[in-house]
Amino acid sequence: MTAHAALDGKISVLLDRTAFYPESGGQMADRGQMGEVSVVDVQVGADGALHHVVEGDPPEVGAEIVGKVDAVRRRVHMALHTGQHILSRALLDIAQAETVSARLGETACTIDVGVADLVERDVARAEDLANAVIDGDVVIRSFFPDPEELARLPLRREPKVSDRVRVIQIGDFDWTPCGGTHCLRSAQVGLVHIVGVERYKGGTRVTFGAGRRAREQLAGESALLRALAQELSSGPRDVPSAVEKLRRELATAREALGQARAQLAQRAADEIIGAARAEGREMVVAQLEGASAELLRAVAKRVAELPHAVAMLAGRDDEGAPVVVARGSASAFDCGSFLKRAAQAAGGRGGGRPERAEGRIPANVDWPALVRSLLDAPQGAP
């Protein structure tokens, strides 16, 4: 060990040589052990120094350190990075979708391509091609070609450095400059699984998994599918038809509910209109217990079909009393102005247009009495 240091307020150590890979090129950093001390991050500092961020007391400067990279985490990174190279080449070959950037995160891996409208069929074909390359178990080679050889290679993208360009060759399928960790053969990737495609910054973002990450994603999806199948009393393959059946049943139930609500609204409107006419009134005032705002709208609409009628309706539910005020086509009553006054008097809220208004008042308010008190006031006369 050559020195103690700090990175973003955290203790780090500097070594004369290391096998720990720092976060770089979209790939996550290695973790592991350095003697008895845990290495929790590896980063390149602003001065180019390689910081091994540790938890605990660092070893003494000058000590010979034996480092142990977390092998499981490293293999995950290798599969993800190699899988990204394969999938990026497949997207380019199938859909002419060039990779703009890639990120291999702790929970999600993404490839951003410069094509805005990536066709679903092409995405599926690219995934199939990537997995065919993986199944082919081709050799993966990392090497440093000289400038002449580098110029002859069919690179997928241009190098980001000019000296000692490291190239990752995946069989005869892909050549890409890269300094990351990779598998030795394509079969070590296991599989590539695309989990999402979305528009992103004028292009398309492809979210994927590979290797162990992909297996965990598929296992989670499989468990969810089995649980859903159990709830639907069907087999996993029958879930789509079971869901479609539920959709049809729901549509039928909604249609029946709509018909029932219309009938209820008509019956309620007939009753309150009849009571108002018996008293010689065009103004219909009622408080319908348990009525929702939706039902009040339907009843008010029925009442307002009478040209000179004015509907002043309130319901009552757990959140208070919804209120709807509506007028017929020949009435000059200002519904919005009246409801605004009523809401202020009752400590509620509401307003709207002259033809129709809605609001909500406290549940303990006597709506018919409130309406009478406001109408008796000179400014409340219709």
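The largest cavity is lined by Ile-273, Ala-276, Arg-277, Arg-281, Glu-282, Val-284, Leu-306 and Ala-309. The model is a predicted one, in which local features need pLDDT of at least 70 and side-chain atom pairs count only at pLDDT 80 or more, whereas totals for chains, interfaces and linings use all residues. Residue numbers start from 1 along each chain as its sequence is written, and side-chain values use heavy atoms, with hydrogens and water left out.

A cavity is here a set of points, on a 1 Å grid over the protein atoms alone, where a 1.4 Å probe fits but cannot get out, and lining residues are those with an atom within 4 Å of a point. Grid points are joined across faces, edges and corners, and the volume is the space filled by probe spheres set on the points. The count is 1 cavity of 30 Å³ or more. The largest cavity holds about 40 Å³ of space. Its lining comprises 5 nonpolar, no polar and 3 charged residues (nonpolar: Ala, Val, Leu, Ile, Met, Phe, Trp, Tyr, Cys and Pro; charged: Asp, Glu, Lys and Arg; polar: the others, Gly among them). Helix H5 (residues 239–278) gives the most to this lining, with 3 residues; helices (H or I, at least four residues) and strands (E, at least two) are DSSP runs numbered from the N terminus.

Gln-96 lies in the loop between helix H1 (71–95) and strand E7 (99–104). Arg-164 is placed in the loop between helix H3 (147–152) and strand E10 (167–170). Gln-96 is exposed, with a relative accessible area of 56%, and Arg-164 is likewise exposed, at 65% relative accessibility (exposed: over 50% relative accessible area; buried: under 20%; partly exposed in between; 1.4 Å probe, protein chains only).

An open sheet is formed by 3 strands in the order E9-E10-E11, with antiparallel pairing; two strands pair if DSSP finds at least two bridges between them. Strand E9 (140–143) and strand E11 (174–177) each have a single partner strand and stand at the edges, so one side of each lacks a neighbour in the sheet. From one strand to the next, the twist averages 15 degrees (axes are lines fitted to C-alpha atoms, and angles run from 0 to 180 degrees between N-to-C directions). The antiparallel pairing of E9 and E10 extends over 4 bridges. Ile-140 has Ile-170 in E10 as its bridge partner.

How values were computed: On a 1 Å grid over the protein atoms alone, a cavity is a set of points where a 1.4 Å probe fits but cannot get out, and a pocket is an open set with protein on both sides within 12 Å along at least five of seven lines; lining residues have an atom within 4 Å of a point.
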